[in-house]
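I opened this model to look up a few things for my notebook. The entries follow in the order I made them.

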Amino acid sequence: MTPSEPSAAESNRIKVWYRFVPREGWLPHDTEGLWATRLSGDTARVENVPFLQYGVAEGEIVRFVTHTDGVHWAKERVEASGNCTIRVLPVPSGPLGRSAQAVHERLSPFGLGGEVFSEEFPLVAVTVPADADLGGIKALLVRGQEDGWWHFEVGCVTDAWRDA
């Protein structure tokens, strides 16, 4: 392999796009592209956490259709990962201010990382693994919202999350 040739993993990396109706008072986007690893001609495993799309989590296998322009559009989830997607937005006037880092610090005892949308909009999107302390995470999220640290939403849930 020469330095200019992509590795097999890189050549299988694609972006799968989702289309949705933007929410009022939220980000004005109507699409979101998620990085994925192509598994077959029409399936891929999602490799990052969604900021906007509901019903999908990192690690899930999705079916897509490739349009003539080369864009891969998601059609359906083929296999659930067992992971959950949560999104946390710090309250600017709250004790954490606009600090995505402070959100990360509060979630770190559970081993949760996450991605930040932008400095201007410090929304933290987090993948909660199936084997995480779901009850403890839910309790922290609720307490943080009650204490004015953040607002949160769950973008993708499992039965285990609901039952925790």
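In what order do the four strands of the open sheet lie? I read the order 7-8-6-9, with antiparallel pairing. This is a predicted model, so I noted its limits: local features need pLDDT of at least 70, side-chain atom pairs count only at pLDDT 80 or more, and totals for chains, interfaces and linings use all residues. Residues are numbered from 1 along each chain as its sequence is written, and side-chain values use heavy atoms, with hydrogens and water left out.

**Sheet edges.** I found strand 7 (115-116) and strand 9 (150-156) at the edges, each pairing on one side only. Strands here are DSSP runs of E, at least two residues, and helices are runs of H or I, at least four, numbered from the N terminus. Two strands pair if DSSP finds at least two bridges between them. Strand 7 and strand 8 (residues 124-128) are joined by two bridges. There, Glu-115 stands opposite Ala-125.

**Helices on the sheet.** I saw helix 2 (residues 100-107) packed on the sheet, touching strand 6 (84-90), strand 7, strand 8 and strand 9. Contact means heavy atoms within 4.5 Å. Helix 3 (residues 134-146) also packs on the sheet and touches strand 6, strand 8 and strand 9.

**Strand 6.** Is strand 6 mostly covered or mostly uncovered? Seven of its seven residues are buried. Buried means under 20% relative accessible area, exposed over 50%, and partly exposed in between (1.4 Å probe, protein chains only). I checked both faces: Cys-84, Ile-86, Val-88 and Pro-90 are buried on one side, and Thr-85, Arg-87 and Leu-89 on the other. Five bridges join strand 6 to strand 8, and six join strand 6 to strand 9. I followed Val-88 both ways. Its bridge partner in strand 8 is Val-124, and in strand 9 Val-88 stands opposite Phe-152.

**Arg-23.** Where is Arg-23 found? I located Arg-23 in the loop between strand 1 (13-19) and strand 2 (31-38). Arg-23 counts as partly exposed because its relative accessibility is 30%. Leaving out residues up to four places away in sequence, Arg-23 touches Tyr-54 and Glu-153. I also looked up its distance to Leu-52, 29 residues apart along the chain: the C-alpha atoms are separated by 9.6 Å.

Technical notes:
Axes are lines fitted to C-alpha atoms, for helices over the stretch in contact, and angles run from 0 to 180 degrees between N-to-C directions.
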